[in-house]
Amino acid sequence: MVALSQPDAGMYWRSLHAANDQFLLYAFDAAEDDVDPLPELQSRPERVADLHLGIDRVPGDLGFPRWTRTPITERNWRRHHVEHWDDCLAAVADLMTPGSREPEILWRIHLFGPLTGVPEAGDRATVVVLQISHALGDGRRVSDIARRLLSDGPEEKRPESPRLPGIIAAGLGAASTVPRLAAATAIGLAAWRDDDPESGLPAVEPTALNLPGDGPTVLRTVTVPRERLRRLATSVTAAVLTVLADVLPQFGGATADGRVIAEVTMAREPVDGQRNNFHTVGIDLSAGAEPGVRAESIARQIDAARRRDGAPARRRARRASALAPAVLDALAVRLAEQAPLPDRVAGTTVVSSVNRGPADLTLSGRPVLFTAGFPALSPVHGLTHGIHGIGDRVTVSIAARGGAAATIDDYAAAIAVALG
């Protein structure tokens, strides 16, 4: 059974002010005469411990949110009556707007199909989308939750509700404020005295793809064999970044001096008790260099970023940050959401990559065809990319809004051509 570590308070508080849910899409082969997959889907969450979790918010945010046991109800399910893949993507895009999931419901399963026009499918396909709060985990962890949901496994022990009343938890949180501040200050000073490794890329001026955009969110996907990407670079992530260096400048994604910088999500080693354990770094995609040279440069930058992140000073700084009192942590989230847009950004676009394991998932006895995911758009990112593999298929998912959305079909076609 997967350990039930505490909610990610920061991610939960952010979800109250902005759309930061994750959307995990799985496409399964289907036929017109298949049995309805909904009863099978509805039976599976009962044995997955994480899907019985709700959040108990401490009064005044004086303490950190706590898990509470929450029943699975009809509100956790939604069936969408659409018939084509394009309509499915449009419906998922609508779900990415704020308020598409009640805050007290941490996950919801959306069922689409049978659909026509689904990539990699024959005649028809069924699509399952797990919409899930970031408080439950990062991309790696929620992919594990989805795997347990979409496969046969043992019954897991269900969580218990908190034993302390909320008012007592608030009092204890208030009493711990000064000691936590003292400890955070001491560790922070120690981190400051440590030799910090050389910093990564400095922030850059926004490109046309960073400008805030109105209008709807638009989604597209490009699915390719994993082996095709392996011919471009030693890792799937580096291969896609190598291709984006060629494509992004054609659509306004280069800085004034011709650089293409991507903000890449990087997972850290799993830590007990920590549901979100990742960071983002700016990677110069070496636009203009030969593909082989570019791929090597990207791989070196990713390795260097991992080394910097593992340095003692960085580890101490993270420990100090984790000791911030709950009430100040919650206040920081609220203030960040109200802050003006920055005049410098970490990258033109966000790229997030997760390997979702072997292609042994089934629905109604039908095999999984591919998986996709759509990183949330932000006020400074009108274009994001997900890279998600399952078995021998990798899907590049594209989410766009504003000016980036206007050219998304041409953009997706250019990526498909560049991937071969």
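**Salt bridges**

A search of the whole structure finds 27 salt bridges, each a side-chain nitrogen of Lys or Arg within 4 Å of a carboxyl oxygen of Asp or Glu. This is a predicted model, in which local features need pLDDT of at least 70 and side-chain atom pairs count only at pLDDT 80 or more, while totals for chains, interfaces and linings use all residues. Residues are numbered from 1 along each chain as its sequence is written, and side-chain values use heavy atoms, with hydrogens and water left out.

Select Glu 46 and Arg 158. They form a salt bridge, with the closest N and O atoms 2.9 Å apart. Glu 46 sits in the loop between helix H2 (38-43) and strand S2 (53-56), and Arg 158 in the loop between helix H4 (139-149) and H5, so the pair ties together parts 112 residues apart in sequence. Helices (H or I, at least four residues) and strands (E, at least two) are DSSP runs, numbered from the N terminus. Glu 46 is partly exposed at 31% relative accessibility. Arg 158 is also partly exposed, at 29%. Here buried means under 20% relative accessible area, exposed over 50%, and partly exposed in between (1.4 Å probe, protein chains only).

Next, select Asp 50 and Arg 275. Their side chains meet in a salt bridge at 2.8 Å, N to O. Asp 50 is in the loop between H2 and S2, and Arg 275 in the loop between S8 and strand S9 (278-284), so this pair links parts 225 residues apart in sequence. Are these two buried or exposed? Both Asp 50 and Arg 275 are buried.

Now go to Asp 409 and Arg 220. Their salt bridge is 2.6 Å, N to O. Asp 409 belongs to helix H13 and Arg 220 to strand S7, so the pair ties together parts 189 residues apart in sequence. Asp 409 is partly exposed at 47% relative accessibility. Arg 220 is partly exposed at 25%.

To finish this stop, select Asp 50, Asp 144, Arg 148, Glu 156 and Arg 275 together. Salt bridges that share partners join them into one network.

**An aromatic pair**

The structure holds four aromatic pairs. Rings of Phe, Tyr and Trp (its six-membered ring) pair if their centres lie within 6.5 Å; planes under 30 degrees apart count as stacked, over 60 as edge-to-face and the rest as tilted. Select Phe 251 and Tyr 411. Their ring centres are 5.2 Å apart and their planes at 90°, so the pair is edge-to-face. Phe 251 lies in the loop between helix H8 (236-247) and strand S8 (261-267), and Tyr 411 in helix H13 (residues 408-418), so parts 160 residues apart in sequence are tied together. Both residues are buried.

**The open sheet**

Show the strands. Six of them form an open sheet with mixed pairing, in the order S4-S5-S6-S1-S12-S11. The edge strands are S4 and strand S11 (362-363), each pairing on one side only. Two strands pair if DSSP finds at least two bridges between them.

Colour S6. Nine of its nine residues are buried, so S6 is largely enclosed by the rest of the structure. Arg 124, Thr 126, Val 128, Leu 130 and Ile 132 are on one side, with Ala 125, Val 127, Val 129 and Gln 131 on the other.

Which strands flank S6? S1 joins S6 through nine bridges, running antiparallel. Look at Ala 30, whose bridge partner in S6 is Arg 124. S5 and S6 also run antiparallel, joined by seven bridges. There, Arg 108 stands opposite Gln 131 in S6.

Select Leu 363; its bridge partner in S12 is Arg 366.

**Helix H3**

Select residues 85-95. In this helix, Trp 85, Cys 88, Leu 89, Ala 91, Val 92, Ala 93 and Leu 95 are buried. Their cover includes strand S1 (22-30), strand S4 (77-80), strand S5 (107-115), strand S6 (124-132), strand S7 (218-225) and strand S12 (366-373).

**Leu 229**

Go to helix H7 (residues 226-230), which holds Leu 229. Leu 229 counts as buried, at 0% relative accessibility. Leaving aside neighbours within four places in sequence, Leu 229 is in contact (heavy atoms within 4.5 Å) with Val 224, Val 236, Ala 239, Val 240, Val 394 and Leu 419.
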